[in-house]
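The following note sets out points for discussion on the structure shown below. It is arranged as numbered paragraphs, each on one topic.

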Amino acid sequence: MNAYQEFKTIGSRPVRPDGLDKVTGRARYGADLNMQGQLYGHVVRSPHAHAIIESIDCSKALAMEGVLAVMTGDDLVKPGDEMLGSGEGAMALKDFVPMVMSQGKVLFHSQAVAAIAATSPELAAEAARAVEVTYEVLPAVTDVHKALAADAPILHHDRFPDDYPEEPTNLATHISLTVGNPDAAFEGADVIVEQTYSVPMCHQGYIEPHACVARVDITGRTDLWCCTQGHFAVRHFTSAATGIDLGKIKVTPSEIGGGFGGKTTVYIEPLAVVLAQKAGRPVKMVMDRGDVFRATGAAPGAETRVKLGATRDGKLVAVDVDCLMDSGAYNGAPAAFPAYMATACYKFTDARSTGRSVYTNKPKIHAYRAPSIPQVTLGFELAITELAAELGIDPIEFRLMNAVEEGDANMMGAPYKRIGLRECLEVARNHEHYKSPLSEGVGRGVAMGYWINAGMQSSATLNVSSDGHVAVLTGSPDIGGSRASMALMAAEVLGIPFDHVHPEVAPTDSVGHTDVTGGSRTTLATGEAVIRAAENCVAELCRRAAAEWGVEAGVVAWSQGAAHYGEHSLTFHELASRAGNMGGPLTFSSSLNSTSAAPGFAVHICDAEVDKETGRTTIVRYTAIQDAGKAIHPDYVEGQMQGGAVQGIGWALNEEYLYNADGVLQNPGFLDYRIPVASDLPYIDTVIVEVPNPLHPFGVKGVGEVPIVPPMPAIAEAVCQSTGVRFRDLPLNPPKIMAELVDL
Amino acid sequence: MNKPLNKMAVQATINGERTAFLCSPGQVLADVLRDELELIGTKIGCNTGDCGACSVLVDNRLVCACLVLAAEVEGKSVQTVEGIANGGELHPVQQKLLEHGGLQCGICTPGVVVAAKALLEHNPDPTEEQARYWLAGNLCRCTGYDKIIRAVLDAAKTMRGEAA
């Protein structure tokens, strides 16, 4: 039972508090701040994908007039085995510092090897060209199978995964989980489907390149402004890479122009700090678009083998899934998520789930919206669809026959609490879209998806003004409307108007520690901190009213934005205006490590039509259905569902990293790495299902990530229905489709 | 060696105001707007004309400010996102983007505002498809464009004087 059952403010759709600044151009993003006397940083990047650095000579660059500092990997901390960060952004220091700037060996093309600070961007770029680096070039490997071959060039000679202690290998991680006896269970299956499916490496594709400006004084006190999904993480990572005490670093987050997981780490921030420290002046750095594609955290490509067995009457009885992922140059640990979560939508008694990741000479992969799960779900859900077809059972019906519900467990063991997967499937089955007839040549696909959703640490502070307005400070960068959610939640608890609440994203030293805006956790966990802080406020106001009336605090009730006892009442505004005489300023904080996260489930329906002459796929109609627990601001829940669906459409149809044999990315720009544009798409219809999360005071479940999980299998199935050809390797771009259609 | 300073003096009307600025011959308009004139609403997502975040109007023509040399606007009129609202009154496109939740991170929003305003001046009654093709040069990674297109069509309705 949720603490709050009826809502006045929650669920309404007010204009977001930061909206005015964003439609008028006033909002400041990463590249929009300049510090007095600032220099401009420029990174020297490796022209080779795999090489040993023999020497770096910066003397000519440093001798140029207007060049004030240079740095190399020697200026960063020498990493050991320590772990950094948490959640989706967690990584080992040795997988992070050399990724930021090479320390002797280059493992991917465009890896940073040195950096310059100069008085203008042009001069910094010119000086970067004057840095002389000599390399011993090594053969590069960009394909996971070639990387696992016996004669493959080895990226890390000092790493030995648990199962392979004998000699170095490019296998980064290997995790295999078994429940029951899947091999025996396949013996009892009437129908077995076994296929392999693949998805290419792609990029988060946020429109704002990474940008920062840093200032360091002679005592090491550091001011850092940057665009990030988590400024506490930036502080942590920057401290770890530079050796500057964590507490001396203040990070102020700018507005953020998209991230999708890709801005839960740092790339240029430690470099700007080191250069600023060396030069004694602020340093601004802005990545260019090409470098964003070439050198920041892409999402891993994956190949998934799925073997499923079912009885004739439609019961899934045996599961074996093996997902091979590309880790890029360092360990981005992408393999555990598919191992644990591939099967998460289905009841099973006998299953094996394996995840492996492999080092290649490509940028270290990083989190992208439900990291690794869209890739493995392409395979799992398509295999389910193929299995349902073999059994002659409707794909939604088959899923309903096998979908998890409360009390079922997934590979992580703990039983689900109240989840909304079946409700989403029933909405899909009864949806007008699913029942509508298909035009000639149009195919329809359905798929569902799971994402675990995070809780993690969050903080909030409420400062009440004497006029009854409330500032709500949190540590969660607002990437998609979270200020509006925070204000709605505070207004709900306090019983005051939405526009009397003023949410702010506060710098690291102005609010308690808060983990990244990621893991679909912000509205849930930071929202919970806001709710608790507001409840603390209400409790104090009731105490003050009770003192005024000479009664016990326990008898005073709070409703409609006022304290009540018998005939007495005192409004929020009255209590705020009299705070100075009733106990002092009204400031309330809450910090928590949220344990209320609940998983997200979604079901998508896609109609697609393939042009048989050009191979172009048009998404004709699309419906996304998702359990949000409770939608705080429905516009921004729908927005997450639509945005995630469209990222999935892009990945399904177009998006793909293309490397040449030397490991050089061939499409590092939005012209050739084509993300969906407005004319590619129909409206994305949404249905928000609300099965309240019993662990959260308002019933909230995270919503941001799971909408990218179902699109790829839903679209691939729709394309199959349109063309009559079963495609199992994405993206389904025109050349790939035409190659099959021409052969027919 | 530092190159000798080589700056050109340019006069233009920026958001209705006569403005003079210095720029180097190779400097693009987007940089001058942002760095010299502090009009940071013009965003740079790619610097290659692919993303549309730097969309501005030069003599009422929609262009990417990263593809126009600053010196080219001599004697011309430039309108950026900062000049779209009429004093304290938002342009209907801005108002409807807010009402429909047609932005998430907001980095593409200035470009969308400028491009959509230009659309509605060219075509006060666009179809959904026309709006989608006109805005195809403005990349948005967050919204899937759904609420943007709805907002633009709703703004068109408002500007035509029709009830929403």
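**Note on the predicted model**

1. The contact between the chains draws 47 residues from chain A and 45 residues from chain B. On the side of chain A that touches chain B, the elements giving two or more residues are α1 (19–24) and α18 (634–653) of chain A. Of these, α18(A) supplies the largest share, namely seven residues. Sorted by class, that side of chain A holds 23 nonpolar, 14 polar and ten charged residues. It should be kept in mind throughout that this is a predicted model.

2. As to overall architecture, chain A contains 20 helices and 28 strands. Its radius of gyration is 27 Å, close to the 27 Å that the globule rule gives for 744 residues, so chain A is as compact as a globular protein of that length. The C-alpha trace of chain A spans about 85 × 75 × 50 Å along its principal axes. Of the 744 residues in chain A, 61% are buried. Where contacts in chain A link residues at least 6 apart in sequence, 81% of them join residues at least 24 apart.

3. Three domains are assigned in chain A: domain 1 (19–27 + 457–594), domain 2 (33–138 + 208–257 + 263–295) and domain 3 (302–453 + 598–743). Between the C-alpha centres of domain 1 of chain A and domain 2 of chain A the separation is 38 Å. Their contact involves 15 residues of domain 1 of chain A and 18 residues of domain 2 of chain A. On the side of domain 1 of chain A that touches domain 2 of chain A there are six nonpolar, seven polar and two charged residues.

4. Chain B is assigned domain 1 (8–83) and domain 2 (92–159). The centres of domain 1 of chain B and domain 2 of chain B, taken over C-alpha atoms, lie 21 Å apart. Domain 1 of chain B contributes 13 residues to the contact, and domain 2 of chain B contributes eleven residues. Strand β3 (residues 55–58) of chain B gives the most to the side of domain 1 of chain B that touches domain 2 of chain B, with three residues. That side of domain 1 of chain B comprises seven nonpolar residues, five polar and one charged.

5. By way of background, strands of a sheet pair through backbone hydrogen bonds, in either a parallel or an antiparallel sense.

6. With strand β15 (residues 302–310) of chain A, β16(A) pairs in the antiparallel sense over nine bridges. Within this pairing Lys307(A) stands opposite Asp320(A) of β16(A). The two strands β15(A) and β16(A) form a hairpin with five residues between them, and Gly314(A) in the turn has a positive phi of about 95°.

7. The pairing of β16(A) with strand β17 (residues 351–359) of chain A is parallel and extends over nine bridges. Asp326(A) has Val358(A) in β17(A) as its bridge partner.

8. Is Trp225(A) buried or exposed? Trp225(A) has 27 C-beta neighbours inside 10 Å, and the threshold for a buried residue is 20 or more, so Trp225(A) counts as buried. This residue is found in strand β12 (residues 222–226) of chain A. Leaving aside neighbours within four places in sequence, Trp225(A) is in contact with Leu33(A), Cys212(A), Val213(A), Thr252(A) and Ser254(A). The C-alpha atom of Trp225(A) is separated by 20 Å from that of Gly480(A), which lies 255 residues away along the chain.

Key: Residues are numbered from 1 along each chain as its sequence is written. Chains are lettered from A and ligands numbered from 1 in the order in which they are written. This is a predicted model: local features need pLDDT of at least 70, side-chain atom pairs count only at pLDDT 80 or more; totals for chains, interfaces and linings use all residues. Two strands pair if DSSP finds at least two bridges between them. Helices (H or I, at least four residues) and strands (E, at least two) are DSSP runs, numbered from the N terminus. Two residues are in contact if their C-beta atoms, placed from the backbone, lie within 7 Å. Ala, Val, Leu, Ile, Met, Phe, Trp, Tyr, Cys and Pro count as nonpolar, Asp, Glu, Lys and Arg as charged, and the others, Gly among them, as polar. The radius of gyration is taken over C-alpha atoms; the globule rule is 2.2 Å times the number of residues to the power 0.38. A residue is buried if 20 or more other C-beta atoms lie within 10 Å of its own, exposed if 12 or fewer, and partly exposed in between; C-beta atoms are placed from the backbone. Domain bounds come from an automatic or database domain assignment.
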